[in-house]
Amino acid sequence: MTDDERKKYESERDSAYAEMFSTSGWKYLMEYLTLEGSIADSIEHIDSMEKLHLNRGKLKIIAILLNLESTTAHNRENEGSKLEWS
């Protein structure tokens with residue numbers, strides 16, 4: 001991928017993310033994942049290594065999604081993007 005192709009890809013991705021982050025569906029998803037994360041984080045009902053690893057995987061995925069908006073904003077600010085988000 002050339003530098004121009006990478007910049008175009010990142011610009012299109014950032015625009016799509018900005019649109020997604022502004023929807024009510026995204027806000028509902030974040031509320032749901034926050035609740036699911038707190039449930040999965042509890043070790044009270046884990047009775048096997050398999051369940052422990054399953055919850056660990058769930059928490060990693062939930063953390064990626066919950067942090068996507070702030071991570072994207074941080075990267076945009078540090079890379080000097082001119083994209084304005086509402």
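Me: How do you know that the distance between the end C-alpha atoms of helix α1 (residues 3-21) agrees with its 19 residues?

Reply: At 1.5 Å a residue, α1 should span 27 Å, and its end C-alpha atoms lie 26 Å apart, which agrees. The expected span is 1.5 Å times one less than the number of residues; helices are DSSP runs (H or I, at least four residues), numbered from the N terminus. This is a predicted model, in which local features need pLDDT of at least 70 and side-chain atom pairs count only at pLDDT 80 or more, while totals for chains, interfaces and linings use all residues. Residues are numbered from 1 along each chain as its sequence is written, and side-chain values use heavy atoms, leaving out hydrogens and water.

Me: What makes Trp26 buried or exposed?

Reply: Trp26, a residue of helix α2, has a relative accessible area of 6% and is therefore buried (buried is under 20%, exposed over 50%, partly exposed in between, with a 1.4 Å probe and protein chains only). Apart from neighbours within four places in sequence, Trp26 is in contact with Met20, Phe21, Leu65, Leu68 and Glu69 (contact means heavy atoms within 4.5 Å).

Me: How do you know where the buried residues of α1 lie around the axis?

Reply: The buried residues of α1 are Glu10, Asp14, Ala18 and Phe21. They cover an arc of only 70° around the axis, so they are on the same side of α1; the arc is that of the directions from the helix axis to the C-beta atoms. The covering of these residues includes α2 (24-41) and α3 (49-79). On the face turned away from the buried side, α1 carries the exposed residues Asp4, Lys8 and Glu19.

Me: What makes α1 and α3 oblique to each other?

Reply: Their packing angle is about 140°, with axes 11 Å apart (axes are lines fitted to C-alpha atoms, for helices over the stretch in contact, and angles run from 0 to 180 degrees between N-to-C directions). Angles under 35 degrees count as roughly parallel, over 145 as roughly antiparallel, 65 to 115 as roughly perpendicular and the rest as oblique. α1 and α3 are therefore oblique to each other. The contact is made by Glu10, Asp14, Tyr17, Met20 and Phe21 of α1 with Leu68, Glu69, Thr72 and Glu79 of α3.

Definitions and conventions: Helices (H or I, at least four residues) and strands (E, at least two) are DSSP runs, numbered from the N terminus.
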